[in-house]
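Visitor: I have a structure open and would like to go through it with you, a piece at a time. Could you keep the wording plain?

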Amino acid sequence: MSDFCSLLEAEIPRLRRYARALLRDASRADDLVQDTLVRALAKQHLWQSDSNLRAWLFTIMHNLHVNVVRQSFRDGAMVDIEDVTLIATTDPTASCQLRELENAIARLPDEQQEVVLLIGLEGIRYDQAAAILRVPIGTVRSRLSRARGSLRKLLEWDEEAIPPAIPLERVAVSAAVA
């Protein structure tokens, strides 16, 4: 197996986690991850070994997702969204709060959801998120700020109750099977 394939394989769990949180549908998320991996393998020659592979893969995933969303709007397609549950792996009493947070994040505009998930869930730096989303870093900051404000209102949290960065890294995303 080539070095590129080994590096690519190591990023699959992060790609799956982000795709599942973004799409809230395990099947569609797996399709998006697969499409991302196929595109990455096909475009492997374009990746620069001194650059951040994760950011490059997230850029590919973002672009594929945007293309699918645009196509579904053109086609007028409606998609049923499967329930996804966020589960706290360290504190079982927090599962209710995490479910509320998940529902609140789902109500944010797509641009704000993407920023919250990239920075809060994946731990991507602001400059990397800006590169992935192809927007200026100031836009990332303003979207994140607006998202935090919206989450405060949706969750009715006071200023002290919401941390400066939403600590989603301890959260595991699992699909609820109906």
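Visitor: Is glutamate 102 buried or exposed?

Guide: Glutamate 102 counts as buried because its relative accessibility is 6%; buried means under 20% relative accessible area, exposed means over 50%, and partly exposed lies in between, with a 1.4 Å probe and protein chains only. Please keep in mind that this is a predicted model, in which local features need pLDDT of at least 70 and side-chain atom pairs count only at pLDDT 80 or more, while totals for chains, interfaces and linings use all residues. Residues are numbered from 1 along each chain as its sequence is written, and side-chain values use heavy atoms, with hydrogens and water left out.

Visitor: Where does glutamate 102 sit, then?

Guide: Glutamate 102 is part of helix 4, which covers residues 95–107. Helices (H or I, at least four residues) and strands (E, at least two) are DSSP runs, numbered from the N terminus.

Visitor: And which side chain does its side chain make a polar contact with?

Guide: The partner is the side chain of arginine 24, at 3.3 Å. A polar contact is a pair of N or O atoms within 3.5 Å; within protein, one must be able to donate a hydrogen and the other to accept it, and residues adjacent in sequence count only if both atoms are side-chain atoms.

Visitor: Where is arginine 24?

Guide: Arginine 24 lies in the loop between helix 1 (3–23) and helix 2, and with 16% relative accessibility it counts as buried. Its phi is near 60 degrees, which is a positive value in a residue other than glycine.

Visitor: What does alanine 106 touch, if I skip residues up to four places away in sequence?

Guide: Alanine 106, also found in helix 4, touches Arg24 and Gln113 on that count, where contact means heavy atoms within 4.5 Å. Alanine 106 counts as partly exposed, at 30% relative accessibility. The C-alpha atoms of alanine 106 and leucine 23 are separated by 9.4 Å, although these residues are 83 residues apart along the chain.

Visitor: Changing topic: how many helices and strands are there in the protein chain?

Guide: The protein chain has seven helices and two strands, and from the N terminus on the elements run α-α-α-β-α-α-α-α-β. Of the 178 residues in the chain, 41% are buried. Among contacts with a separation of 6 or more, 68% come from residues 24 or more positions apart.

Visitor: At what angle do helix 5 and helix 7 pack?

Guide: Helix 5 (residues 110–121) and helix 7 pack at about 95 degrees, and their axes are 9 Å apart. Axes are lines fitted to C-alpha atoms, for helices over the stretch in contact, and angles run from 0 to 180 degrees between N-to-C directions. The two helices are therefore roughly perpendicular to each other, since angles under 35 degrees count as roughly parallel, over 145 as roughly antiparallel, 65 to 115 as roughly perpendicular and the rest as oblique.

Visitor: Which residues meet there?

Guide: From helix 5 come Glu111, Gln112, Val115, Val116 and Ile119, and they meet Val140, Arg143, Leu144, Arg146, Ala147 and Ser150 of helix 7. The residues of this contact divide into six nonpolar, two polar and three charged; Ala, Val, Leu, Ile, Met, Phe, Trp, Tyr, Cys and Pro count as nonpolar, Asp, Glu, Lys and Arg as charged, and the others, Gly among them, as polar.

Visitor: Which residues are buried in helix 7?

Guide: They are Val140, Arg143, Leu144, Ala147, Arg148, Leu151, Arg152 and Leu155. After helix 7 comes glutamate 156, whose phi is positive, near 55 degrees.

Visitor: And what about arginine 134, buried or exposed?

Guide: Arginine 134 counts as exposed, with 63% relative accessibility, and it is found in the loop between helix 6 and helix 7. Arginine 134 has a positive phi of about 60 degrees although it is not a glycine.

Visitor: Last one: what is threonine 36 in contact with, leaving aside neighbours within four places?

Guide: Threonine 36 is in contact with Leu57, Ile60, Met61 and Leu64 on that count. Threonine 36 has its place in helix 2 (residues 26–42) and counts as buried, at 0% relative accessibility. A polar atom of its side chain lies 2.7 Å from the backbone oxygen of leucine 32.
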